[in-house]
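I opened my notebook to record, step by step, what I looked up in this structure. I wanted to keep each entry tied to something that a reader can find in the view.

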Amino acid sequence: MRRTLTTLMVVTGLALMAISYFGLAAPWGASSVDNADPRMDFAGLVFIVGVVLTFSAALVYELLPDRPDDVPHRVD
Amino acid sequence: MATKTLTERPVPRGEPSLPQGIGRFNSGWKVFFAVGILIAGFGGYAYFREYTEGMGATGMRDVGTMGGATWGLYITMVVYLIGVSFAGITLAALIRLFRLEKLAPVARMAEVLTVVSLILGGLAIIVDLGQPIRGIINLFRYARPQSPFFGTFTLVIAGYLFASLVYTYLGGRRDAAVLSKVPSRLQGFHRRWAAGYQDTERERRRHWTASFWLALAIIPLLIIAHSTLGFVFGLQVGRPGWYGTLQAPAFVALAGVSGIGHLLILAAIARRTLGVRDRLRIEIFAWLGRFLLVTLLVYLYFMMVELLTLLYNTPEAEKALSDALLTGEYAWIYWGSVAALVMPVAILAYQALNSRWNIGWLVASGVLVNLAAVGKRYLIVVPSQTHGTLLPYDVGSYTPSWIEWAVVAGILALGALLIGLFMKSFPLLPLDESEREVMADA
Amino acid sequence: MTKYAMVVDLDRCQGCRACMEACKIENNTVESVFWMYVFRFEQGEFPDTEISFLPRPCQHCDNAPCVKVCPVGARFKRDDGLVLTDFDRCIGCRYCELACPYGVNYFNWSKPAKSYYSDAIDWKDPVLTGVTGGAVPAYKNPDLEGKYGEEQRHTAGGGHAKGVMEKCTFCVHRVEKGLLPACVETCPVQALRFGDVEDPESPISAFIREKSPWRLLEEAGTEPSVMYVGGKPPSSEVREIERPKARV
């Protein structure tokens, strides 16, 4: 569960970055002078969300327990 | 079992105490805080004047017919601060990736340096905008990757800052867990940071893996981020002195220099005020000194290449600019910065070759290279505007107004306050065995 | 498809700067802002000096560096060739000003109402307000408040708000009505020509065919829409004389 969620977050984050960058904000192959507007408003925010999601995967990886009843026992 | 530092009163026996001066504010610290608040407050007032009167309150003016510079001290500080942020997290990541255990005591202060300097860099951008509130909203809404600014805004400020915060947070959980066992005013904060960390074998392994991948991901992120900062300048055909392929790599090199310089200063301050001479040993300073020497030599190489290229064949458009830099009105900053880079090379090389390191000289080197870094950033930003017009406008001039100096001082004071506050709420050096034992017994 | 361009005849330009005045009045630009600017150059040493003049509006480049660098797309290029600034969206970062090789951009450094020669003119003087009705500047062009083009954005005129960029718009508010830009209309010797270069029958196209104009800073790769005939590109030996009081 934890591993799946982490991988999912990384992949989704990278996908969001790629899509928002190449698809929405800076359309591939289009001249930069003709395109003064991103295709979708807040495309830049989507890009940042992608970056944040990718790095948040590390938080999930460390903080989420493997199973709901999984309580780590102290090792002394 | 009271911990005592050189400058603090001892805590009465029987009361649990937090290590490294956390939660204890001596008179020296209070003076530091008061002065910091005063300067930051004055900076805030100066910015209020700028916000209400318009940016004409600064010394900046339009390029061309107005004979001014439209980017000045603020953008100089933006580039400088983002540069400082580079070395911090890079060092922390390298310590993790190459398991440089000897340098582990400075890993956290390096991370803190990065986070604080990025926050300051973001503030410095905002004070430079003519419409700051609109700027924040419109950047999120309309940000265009075709503009080099996009990388600065998204990757540097948002992405890199967030990644560094995550890295620092995860790396601090173990110490937070130890501290959260001690009743104090900060216990709630420590508990929340620890988020249930129990220091089990499994958790340690997880952190080991997570920090590895984070460190691995952060390094390309920040190389891209710093290169886009270089591109902000290097891609402008219309500005002699800016357009060039060396801008991006030179930015990264000088960033490393100023960051390690700052780290040396911070480590020396920590060593003195926290009384941790046995942990922040001279070997650590020696390593930082060697890193600084190498990055300095790399940057000086870039500078030499740039200078020789310019002297050998100055394109028509750059004649006025190169004259102003080398012999004209900017010469004192140019040669002053060169001196402030070359002297540390001599100081560091002498120490490295004799294997005799002195913290005082290292701090002096750190200060010098940072003065040089500010000077060099200024020389990148301003002369290409006053002496770099392609059409034959008269040469311009730029002098920062008191408002710009006050705002910059306020921003830097804020940074010092943030670091000072951090040091009073969380251990700057990762806790070692003896400190953890003291906590466990308390 | 329309594409607007301007041709400047340097053999006719006499440096009178009437175009600068007309531009200022038409566009309500503030003190020391010269969307249209005319260089007065001198070359050589007295008595062997040579005087020349060079009008410099915004070049409305086809490969505009200012459009490329705007982080929020406030500076944009229309299909009809005009490069305009949306003063609602501009965040005042001034990057376009730095990217432009021609130096045509101006920033609103102060509140515009305070920047119309207030140290020389007392706008509240009752004698003055009797005539102006309190308007600052005396003639406020009502066309400048409108939205223009298919894109319907606020792009005309200057001095709207502090903290935003502005520059020559080829008088978009006039061009959309079928009129010529103010500078072109005003020039007493018709040194400025303006029209649609995609129309082979237009007078400007015929003029271009006849004269083979050159362009400023061709080597920068900006592909400007403003062309020059007669005269030559400014060399490194020219120096500016008779500069206006240009610093606020």
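**Entry 1: chain B as a whole**

Before anything else I noted that this is a predicted model. Of the 442 residues in chain B, 52% count as buried. When I turned to contacts in chain B between residues at least 6 apart in sequence, I saw that 78% of them join residues at least 24 apart.

**Entry 2: helix 9 of chain B**

I picked helix 9 of chain B, residues 282-312, and checked its span against a simple rule. At 1.5 Å a residue, its 31 residues should span 45 Å, and because the end C-alpha atoms are 44 Å apart, I noted that the two agree. I then looked up which residues of this helix are buried, and the list includes Phe285(B), Leu288(B), Phe291(B), Leu292(B) and Tyr299(B). Where do the buried residues of helix 9 of chain B pack? They pack against helix 8 (247-274), helix 11 (331-354) and helix 12 (359-381) of chain B.

**Entry 3: Tyr169(B)**

I looked for Tyr169(B) and found this residue in helix 5 of chain B, which covers residues 148-179. Is Tyr169(B) buried or partly exposed? I counted it as partly exposed, because 18 other C-beta atoms lie within 10 Å, whereas a buried residue needs 20 or more. I also noted that Tyr169(B) and Arg108(B) are 61 residues apart along the chain, while their C-alpha atoms are separated by 10.0 Å.

**Entry 4: the contact of chain A with chain B**

I recorded that this contact takes 24 residues from chain A and 26 residues from chain B. On the side of chain A, the elements that give two or more residues are helix 1 (2-25) and helix 2 (43-63) of chain A. Helix 2 of chain A gives the largest share of that side, 12 residues. Sorted by class, the side of chain A that touches chain B has 17 nonpolar, 3 polar and 4 charged residues.

**Entry 5: the contact of chain C with chain B**

Here I found 45 residues of chain C in contact with 42 residues of chain B. The elements of chain C that give two or more residues to this side are helix 2 (65-69), helix 3 (95-99), strand 6 (106-107) and strand 10. The largest share, 4 residues, comes from helix 3 of chain C. By class, I wrote down 26 nonpolar, 8 polar and 11 charged residues for the side of chain C that touches chain B.

**Entry 6: an antiparallel sheet in chain C**

I reminded myself that strands of a sheet pair through backbone hydrogen bonds, either parallel or antiparallel. In chain C I found an open sheet of 3 strands in the order 3-2-10, with antiparallel pairing. Strand 3 and strand 10 of chain C stand at the edges with a single partner strand each, so one side of each is left without a neighbour in the sheet. Strand 2 (residues 37-43) and strand 3 (residues 50-56) of chain C pair over 7 bridges, whereas 2 bridges join strand 2 to strand 10 (residues 239-240) of chain C. I followed Phe41(C), which stands opposite Ser52(C) in strand 3 of chain C and opposite Glu240(C) in strand 10 of chain C. In the hairpin of strands 2 and 3 of chain C, which has 6 residues between the strands, Gly44(C) takes a positive phi near 90°.

Strand 1 (residues 4-9) and strand 9 of chain C pair in the parallel sense over 4 bridges, and Val8(C) stands opposite Tyr228(C) in strand 9 of chain C.

Note on methods. Residues are numbered from 1 along each chain as its sequence is written. Chains are lettered from A and ligands numbered from 1 in the order in which they are written. This is a predicted model: local features need pLDDT of at least 70, side-chain atom pairs count only at pLDDT 80 or more; totals for chains, interfaces and linings use all residues. Two strands pair if DSSP finds at least two bridges between them. Two residues are in contact if their C-beta atoms, placed from the backbone, lie within 7 Å. Ala, Val, Leu, Ile, Met, Phe, Trp, Tyr, Cys and Pro count as nonpolar, Asp, Glu, Lys and Arg as charged, and the others, Gly among them, as polar. A residue is buried if 20 or more other C-beta atoms lie within 10 Å of its own, exposed if 12 or fewer, and partly exposed in between; C-beta atoms are placed from the backbone. The expected span of a helix is 1.5 Å times one less than its number of residues.
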